[in-house]
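Please keep the sequence and the 3D view open while going through the points.

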Amino acid sequence: MSDEQRIIDLRSDTVTVPSAKMREIIANAPVGDDVYGEDPSVTALEVKAAQMLGFEAGVFLTSGTQGNLVALLSHCQRGQEVILEQQAHIVYYEVGGLAALGGLMVRTITGEEGCQGYLKPDTLSAAIRGGNIHFPETGLICLENTHNLGGGAATTRDKMQSMIAIAREHKVPVHLDGARVFNAAVALGIPVAELVSGLSSVQICLSKGLGAPVGSVLVGSEAFIDTARKFRKMLGGGMRQAGIIAAAGLYALENNVERLAMDHQRARQIAAAASAVKGMHIVSPDVPTNIILCDTSGTGRDVASWVMAMGERGIKCGTMSDVLMRMVTHLDITQDDADRTCRVLAEIA
């Protein structure tokens, strides 16, 4: 297949396939019954993730959605309220699980510049509710870094700490939907443990930019993870010989973090080509990480026609709304793929 015939899939970084080396690791992974705590590959992954993020313990889960839900169930009591940015992934893309399965209320507030993942301290403080008889109590604050609907925006360490400080003042725990937190750390040029310091829990996704086929890890204190492990079981997450997929996640953490910078570089290149299209606006125009959201409303063509035109030329793109086209770089997108995407954008502009 020539380069021009190759399908370039930019819909998401979830479309990556395991490399030859990762498949070899999967095939040879030592396994056991993880519900009994006897799978060495799962244990190694949980320990590695906890150490990298600076927490006491971790638990392996099927997905980021399951990881976030387990975190919410572990932190909160039924009837409590969870504060989230109004366009957080947990609000938009996780099927209302916190309400349906957790009996939790959602309280959304507007983030800086609409949806960039940063909740200004005064706004956050005003949203926290205490003992008034009429109100549900705030049980948890959930943050997201990077922010998906914010165009992969990366919240800085200082901004993270300002939000954590407000939570501590009110004695409210803070969970981070850190599905792409390694992207944020690489983009900001700091260790991931420094970026997440002070949080109560973090969920990381292994199946996005890190390139594993499946799985997430939730990290926190030992006591918190003991509780989370029980909720994982309740939600059907006892995966028995899960080492065959955990081994892929461990390989990803050990080999695929630093290379995220290449994804970011290629995303900026594609974003520059998209921004050169008359009437196209880039959400989060500095494109700090690997997500490019293109507002097509000013181009005179709807987003569906843009996606179709790109698809006819062998480039798969996604949509996030009636006007937003989404392109996401990942480890299966080569430099040639990025160059070709830029040429196609110019040709169909």
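**Notes on the predicted model**

1. Strand E6 is largely enclosed by the rest of the structure, because 5 of the 5 residues of E6 are buried, where buried means under 20% relative accessible area, exposed means over 50% and partly exposed lies in between, computed with a 1.4 Å probe on protein chains only. Strands (E, at least two residues) and helices (H or I, at least four residues) are DSSP runs, numbered from the N terminus. Val174, Leu176 and Gly178 point one way from E6, while His175 and Asp177 point the other way, and all are buried. In a regular strand the side chains alternate between the two faces of the sheet.

2. Before going further, please keep the basis of these notes in mind: this is a predicted model, in which local features need pLDDT of at least 70 and side-chain atom pairs count only at pLDDT 80 or more, whereas totals for chains, interfaces and linings use all residues. Residues are numbered from 1 along each chain as its sequence is written, and side-chain values use heavy atoms, with hydrogens and water left out.

3. In which order do the strands of the open sheet of 7 strands lie? The order is E2-E8-E7-E6-E5-E3-E4, with mixed pairing, and two strands count as paired if DSSP finds at least two bridges between them. The edge strands, each pairing on one side only, are E2 (57-61) and E4 (105-109). From one strand to the next the twist averages 20°. Strands of a sheet pair through backbone hydrogen bonds, either parallel or antiparallel.

4. Two of the pairings can be followed residue by residue. E5 and E6 pair in the parallel sense over 4 bridges, and cysteine 142 has histidine 175 in E6 as its bridge partner. Strand E3 (residues 81-85) and strand E5 (residues 138-144) also run parallel and are joined by 4 bridges, with glutamate 81 standing opposite threonine 138 in E5.

5. Helix H2 (residues 40-53) lies across E2, strand E7 (201-205) and strand E8 (216-220), and runs at about 125° to E2. For this angle, axes are lines fitted to C-alpha atoms, for helices over the stretch in contact, and angles run from 0 to 180 degrees between N-to-C directions; contact means heavy atoms within 4.5 Å.

6. How many salt bridges does a search of the whole structure find? The search finds 12, a salt bridge being a side-chain nitrogen of Lys or Arg within 4 Å of a carboxyl oxygen of Asp or Glu. One of them joins arginine 180 to aspartate 13, with the closest N and O atoms 2.8 Å apart. This pair links distant parts of the chain, 167 residues apart, since arginine 180 is in the loop between strand E6 (174-178) and helix H8 (181-188) and aspartate 13 is in the loop between strand E1 (8-9) and helix H1 (20-27). Arginine 180 is buried at a relative accessible area of 6%, and aspartate 13 counts as buried at 0%.

7. Aspartate 33 meets arginine 240 at 3.2 Å, N to O, and the two are 207 residues apart, with arginine 240 in the loop between helix H10 (222-234) and helix H11 (243-255). Aspartate 33 counts as buried because its relative accessibility is 14%, whereas arginine 240, at 32%, counts as partly exposed. Aspartate 34 forms a salt bridge with arginine 232, where the closest N and O atoms are 3.2 Å apart. Aspartate 34 lies in the loop between H1 and H2 and arginine 232 in helix H10, so this pair ties together parts 198 residues apart in sequence. Both aspartate 34 and arginine 232 are buried.

8. The largest nonpolar core has 50 residues, of which Phe182, Leu199 and Ile204 touch the most other members; such a core is a set of buried Ala, Val, Leu, Ile, Met, Phe, Trp, Tyr and Cys residues joined through side-chain atoms within 4.5 Å. H11 gives the most to this core, with 6 residues. A second, separate core of 27 residues includes Val287, Trp306, Ala309 and Ile348.
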